[in-house]
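Open the model in your viewer and keep the selection panel at hand. The stops below go from one selection to the next.

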Amino acid sequence: ADQPDMWAMRAVEVALAMQRALSRVADEDRLTMRVGLHTGPVVAGVVGKKGPRYHLFGSTVGYAEKMESSGVPGRVQISNATHTLLKDGGHDYEFEETHVSLDGGSLPHTTWLVK
């Protein structure tokens, strides 16, 4: 029952559904959303006493956050790791290859925009 490709597919489907829903719930056309998805290990826990909330920690989360902040408004950007899971799992999406610098001055990382 350990199917990481299915988890990746579900995350992409949620992101795409959120993108579609935005235009139906927001009155302003200029309101857009960027989504960054990465696959990898995380640590999860509840943070806070007065207003506890569930939170994810780790480099996987940081990488996804960097992809989101450098992403294209209105698009879902996924990492190479997530792209590989989707392709190997036979999930039928169209992808557009992109290259972004996520950590300052190093070489650009290959990422993918889901069409």
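Contact here means heavy atoms within 4.5 Å. With that in mind, select Ala-15: leaving aside residues up to four places away in sequence, Ala-15 touches Val-35, Leu-37 and Val-76. The model is a predicted one.

**Ala-15 and its helix**

Ala-15 is found in helix H1. Its relative accessibility is 3%, so Ala-15 counts as buried, the cut-off being under 20%.

Now extend the selection to the whole of H1, residues 4–25. Its 22 residues should span 32 Å at 1.5 Å a residue, and the end C-alpha atoms are 31 Å apart, which agrees. Colour the buried positions of H1: Asp-5, Ala-8, Met-9, Val-12, Ala-15, Leu-16, Gln-19 and Leu-22. What covers these buried residues includes strands E1, E4 and E6 and helix H3.

**The core**

Next, show the largest nonpolar core, which has 17 residues. The members that touch the most others are Val-12, Val-76, Ile-78, Leu-86, Tyr-93 and Val-114. At least two core residues each come from H1, strand E1 (35–37), strand E4 (76–79) and strand E6 (109–114). H1 gives the largest share, six residues. In soluble globular proteins, nonpolar side chains tend to be buried together.

**The sheet**

Switch to a cartoon view and select the strands. In what order do the four strands of the open sheet run? The order is E1-E4-E6-E5, with mixed pairing. E1 and strand E5 (95–100) are at the edges, and each has a single partner strand, so one side of each is left without a neighbour in the sheet. From one strand to the next, the twist averages 30°.

Zoom in on E4 and E6, which pair in the antiparallel sense over four bridges. Within this part of the sheet, Val-76 stands opposite Val-114 in E6.

Then bring in helix H2, residues 59–69, which packs on the sheet and touches E1, E4 and E6. The direction of H2 makes about 150° with that of E1. Select helix H3 (80–88) as well: H3 lies across E1, E4, E5 and E6 and runs at about 90° to E4.

**The aromatic cluster**

For the last stop, show the rings of Tyr-93, Phe-95 and Trp-112, which ring pairs link into a cluster. A pair of aromatic rings is described by the distance of the centres and the angle of the planes. The count comes to two aromatic pairs.

Tyr-93 and Phe-95 form a tilted pair, with 6.2 Å from centre to centre and 55° between the planes. Tyr-93 has 13% relative accessibility and therefore counts as buried; Phe-95, at 16%, also counts as buried. The other pair to inspect is Phe-95 with Trp-112: the ring centres are 6.4 Å apart and the planes stand at 75°, so this pair is edge-to-face. Phe-95 lies in strand E5 and Trp-112 in strand E6, so the pair ties together parts that are 17 residues apart in sequence. Like Phe-95, Trp-112 is buried.

Technical notes. Residues are numbered from 1 along each chain as its sequence is written. This is a predicted model: local features need pLDDT of at least 70, side-chain atom pairs count only at pLDDT 80 or more; totals for chains, interfaces and linings use all residues. Side-chain values use heavy atoms; hydrogens and water are left out. A nonpolar core is a set of buried Ala, Val, Leu, Ile, Met, Phe, Trp, Tyr and Cys residues joined through side-chain atoms within 4.5 Å. Buried means under 20% relative accessible area, exposed over 50%, partly exposed in between (1.4 Å probe, protein chains only). The expected span of a helix is 1.5 Å times one less than its number of residues. Two strands pair if DSSP finds at least two bridges between them. Axes are lines fitted to C-alpha atoms, for helices over the stretch in contact, and angles run from 0 to 180 degrees between N-to-C directions. Rings of Phe, Tyr and Trp (its six-membered ring) pair if their centres lie within 6.5 Å; planes under 30 degrees apart count as stacked, over 60 as edge-to-face and the rest as tilted.
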